[in-house]
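Please load the model in a viewer and keep the selection panel at hand.

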Amino acid sequence: MVDNTSRIPVLLKEVRLLNDKYQELAAVTGEDFNVFSILGVQTDEVKTHSALLAELLNPRGSHHQGSLFLKLFLKLCLQGRGAGDGEYAFEGEVLEDFRVGAEVATDQGRIDILLEKDDACIVIENKIYAADQEHQLNRYYQYALGKNFEKDRRILIYLTLDGSEPGEYSLGDLDRKKVLCISYREHITRWLEECMRTEEVQRIAPIREIFFQYRNLLKDLTGQPTNRRYVMELVNLLKREKNYELIKDLNAALCELQTQLQLKFWKELEAQIKEIDLGRSTNQGGKEATEENIRKYYAKEQNSKHLGLTFSRQELPKGLPAIRLRVELDSYGWVFYGFVLFENFSRVAECKDVRFDNFVAGLKFDEKFTRNDWWFAWKYPEKDLLFNSLDKVSERDTLCWSNTLGSLLDENECKDLVKGLVDEITGHILDQDNPELKAIL
C-alpha cells in the first residue's frame, strides 16, 4: 500500500491557495452576490422556481422578449418529439399563442406550470424537494386528456433537480413512458446558458443578471461549480505529479468525517429533545440514525436513505392509534420533521385514511405542513439543513460538502443549529392551537 501521508497536506495546501485566489476574485467581480441566496428563497419551489420559470416561458412576460425563451426551451427539451428525429413539438408554430401560468388551479389539482393554447397544452410538474402527491401525475395527465387534443399536442413534463423518474405513488396506473423527465442540472441550466448567449439578453442588463444569478443558484443546488476557470486549474493541479491518485484517500477521510459530524447532529438533537421533555428516541418508525446506519448512508449502500429519529414521551398504547414526532433526512439529504402515526405497535402507511380523522380532529397545523400516506403532517424547517454527501445524478464516488456540516465542526455552532430546529418544532407542539399534541406524544 502506497503511503500518501506526506503528499496529501501539500495537495490540500495548494488547493487552499487556489481557492483563496478565486475567493478574492469573486469579491472583486461580485460573483458571490446572489439575490436568491440573500432572500433565503433558494429552494422555494413555488415562489422562486415555478414563478420565475413561468415568467421566462411566457411570451407575454415582463421580459418583453416574446417567445424567444420559450422557443429555446421547447427546442432543448422536446428535441425528437416532432415529426422527425431532428424536429421538436411545436416547431415552426406561432408560440405567442401560448398562455403560461404558475400554480394554476384545475379540476385535477394545482398545476405548477401550465402552458396552453387552443389546440395544445404542456403540463410541468416542478419538484425541488417536495414529495410527490398521490396519483399526481396521473391526475394532470387526465386534465390534458380531457382537452381532447391530439396525442403529441399534450405533453407532461416531470422536472426535478437530477432528472429522476416519478414513483408509482405519483403515476398511479399512468404509463411512465407518457412522462418526459428533465432536470435542472442538465436541461434547465443548459437552457439558461443558451438564453444568455442571445443578443437580446446580452444587451439588456437586468435580464442578463437575472439569468446569471439564477443559473448560479441552480449550479449550487445541483452541486456544480460556477467558475469554469477555477475547475480547470484544479484539474491541472490533480494531473500534476499524478495527484489524482490521492482522491481515493481523501474521499475515505471525508466520508469518515461526515459520518462523525452527522452522528454528532443526531446526538445533540436527541439530548435537546430529551432536555425539554418532548420524549426519548425510540427504534420505531423508520431507519434510525445510528452510527452504523450513517456509515452505510455515506457508503451509499442500498436502502440506506431516510435516516432519522422518532421521539416518544410514553409507551405505545395497545390496539390504539398514537402519534409520534420524527426528524428525518429526505432522499437528497435535507432535514425535515413531522408527525407519524402508529397502530398496533406498527407505523401506519396510510395516514390519509379517514379512520384517523377523529383521532387527530383536535390537532391543527398550518398550511406549510403536508399530509400523505406515511406522514400525518411534515414540513422542512425554516432554516435549511443539508447532509447531501452523494452525487444524486450519477451515484459516483464524489467529494461533497454542505454548510450544515461546516457548522457542526464548532461545538457552539452545533448546539445553536440544533436549538434552532428544536425551538421551531417546540413552537408547533406547544402552540396554543394544539393543546392536545404534547399530551398524546
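**A tour of the interior**

Begin by selecting Phe90 and Phe98, both of which are buried (under 20% relative accessible area, with exposed over 50% and partly exposed in between; 1.4 Å probe, protein chains only). The model is predicted: local features need pLDDT of at least 70, side-chain atom pairs count only at pLDDT 80 or more, and totals for chains, interfaces and linings use all residues. Residues are numbered from 1 along each chain as its sequence is written, and side-chain values use heavy atoms, leaving out hydrogens and water.

Next, select Phe73, Ile188 and Trp191 together with Phe90; these have the most contacts inside the largest nonpolar core, which has 48 residues. Such a core is a set of buried Ala, Val, Leu, Ile, Met, Phe, Trp, Tyr and Cys residues joined through side-chain atoms within 4.5 Å.

Centre the view on Ile188. Which residues does Ile188 touch, not counting those up to four places away in sequence? They are Leu53, Phe73, Leu159, Ile182, Ser183 and Leu218 (contact: heavy atoms within 4.5 Å). Apart from this core lies another, of 41 residues, among them Leu341, Leu363, Leu408 and Leu421.

Finally, select Trp375. Arg347 lies over the face of the Trp375 ring, at 5.0 Å from its centre; the criterion is NZ of Lys or CZ of Arg within 6 Å of the ring centre and within 35 degrees of the ring normal.
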